[in-house]
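Here is a friendly walk through a ligand site and a few backbone details. Please keep the viewer open as you read.

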Amino acid sequence: MKQLDTIAEMNAAMAELTGKSIGFVPTMGYFHQGHLSLMEQSIKENDVTVVSIYVNPSQFGAGEDFDQYPRDLDKDKKDLQRLGVDFLFFPQDSEMYPDPYLTYVTVEEWQTLLCGQSRPHHFRGVTTIVLKLFNIIGPDYAYFGQKDAQQAIILKKMVKDLNVPVSLRILPIVRDADGLALSSRNSYLTSKERQAARKFPEALNKARFRINEGQDSAQRIRDEIIEDLKQEKMIKIDYVEIVSLDKLRQVNKIDRNNTLVAAAIKIGKTRLIDNFILGEI
Ligand code: AMP
C-alpha cells in the first residue's frame, strides 16, 4: 500500500496505470466495516484500488464537528494494508483548497432537501470535493454507501448532468449487531446514548415491515416512525421523510420500486442518519 500526499504524486501514479481498471473509495477515515465493505468490493471488481482519507472542511457547517471529527491514520493504514488496497491518497487542505479557493459544484434543489435543510452547505462541499477527487484520480468505478443515501443520489445526478466518466456503485448499509448503522460518529455516543440509539433502526425496521404488510400511505408510515422515535426521550427528531428515489419528491403513496424512507435524529450532541430504500439508487 503506497501513501501519496500530493496531487502531483497522485497524478503521476495514476498515469502509469494505462489499461488497468481503477476503483476509488473516498472517505473521511476512522474506518469501520461500512468503509471496509466498499474497499473489499472495489478490490474484487478492479485491478487497482485507491482510497482517499480527507476530512473535507467545506462540507461542515459553522458549529458542526469538523474539529472533533475522529481521526486515526495509523489504524486506518493497517486496515488498508490488510485488505490489500493499492494506494492511499491523503491530501492536505492547502492542496485541495489553494488560497483563494473560489469554485464550487452544486446540484441545485436536491441539495436543500432532507439533510440539506439543517446542513445548508453540506452537499455543495460533498459534490465539490468528490468531483475534485474524480479529476485527480480518474477512476473507472467509485464506491459509496447507501448509509448516505441522499449523498449517493446527488452524486449520481452530478455525474450524469456533468458527464463525468465514472460509474458509481452504491453498496448496502453495514450495521452493528443491534441494527444501528455503523458510523464514525457513533464514537461520540455515551453508553446511555448508544443504548437509546437502538430505537432508530428499530423504528425504521418496523416501518419497512408495515410497508411489506401492505401499508402504502406515506403519511401513515411517517407518523408511525415519528411516534416510535418519540418513545425514546433522548431522541430529538431532525426529519423523517418519504420521497421518491429518482427525484427526491415527497410522495403520498409508497411505490415499491422508487421510495426512500430517510431520517435524521440527534441524541445529545450527535446527529445520526439512517434510511431504507425500495428500489435502487
Ligand atoms: P465517510 O468516511 O463517513 O465520509 O464515509 C465514506 C463512505 O463510506 C461513504 O460512501 C459512506 O456512505 C460509506 N459508509 C459510511 N457508513 C457506512 C455504513 N454503515 N455502511 C455502508 N457504507 C457506509
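In what follows, Ala, Val, Leu, Ile, Met, Phe, Trp, Tyr, Cys and Pro count as nonpolar, Asp, Glu, Lys and Arg as charged, and the others, Gly among them, as polar. By that scheme, the shell around the ligand holds 9 nonpolar, 6 polar and 2 charged residues.

A word on origins: this is a predicted model, in which local features need pLDDT of at least 70 and side-chain atom pairs count only at pLDDT 80 or more, while totals for chains, interfaces and linings use all residues. Numbering runs from 1 along each chain as its sequence is written, and side-chain values use heavy atoms, with hydrogens and water left out.

**The ligand site**

There are 17 residues around the ligand, and Met 28, His 35, Asp 148, Val 174 and Leu 182 come nearest. The table lists polar contacts, meaning pairs of N or O atoms within 3.5 Å.

| Residue | Protein side | Ligand atom and distance |
|---|---|---|
| His 35 | side-chain N or O | oxygen, 2.9 Å |
| Gly 145 | polar backbone atom | oxygen, 3.0 Å |
| Val 174 | backbone N or O | nitrogen, 2.9 Å |

On its own, the ligand has 490 Å² of accessible area, and the protein covers 93% of that; these areas come from the Shrake-Rupley method with a 1.4 Å probe.

Which elements give two or more residues to the shell? They are strand E2 (22–27), helix H2 (33–45) and strand E5 (141–145). H2 provides the largest share, 3 residues. Helices (H or I, at least four residues) and strands (E, at least two) are DSSP runs, numbered from the N terminus.

**Backbone details**

Most residues other than glycine have a negative phi, and most peptide bonds are trans. With that in mind, have a look at the loop between helix H4 (93–96) and helix H5 (115–118), where Pro 100 lies. The peptide bond from Asp 99 to Pro 100 is cis, with omega near -5°.

Leu 114 is also in the loop between H4 and H5. Its phi is positive, near 45°. At 2% relative accessibility, Leu 114 counts as buried, a term that means under 20% relative accessible area (1.4 Å probe, protein chains only).

Leu 248 sits in the loop between strand E7 (235–243) and strand E8 (258–267). Phi of Leu 248 is positive as well, near 55°, and Leu 248 is buried at 4% relative accessibility.

Key
A residue is near a molecule or strand if one of its heavy atoms lies within 4 Å of it. A polar contact is a pair of N or O atoms within 3.5 Å; within protein, one must be able to donate a hydrogen and the other to accept it, and residues adjacent in sequence count only if both atoms are side-chain atoms. Buried means under 20% relative accessible area, exposed over 50%, partly exposed in between (1.4 Å probe, protein chains only).
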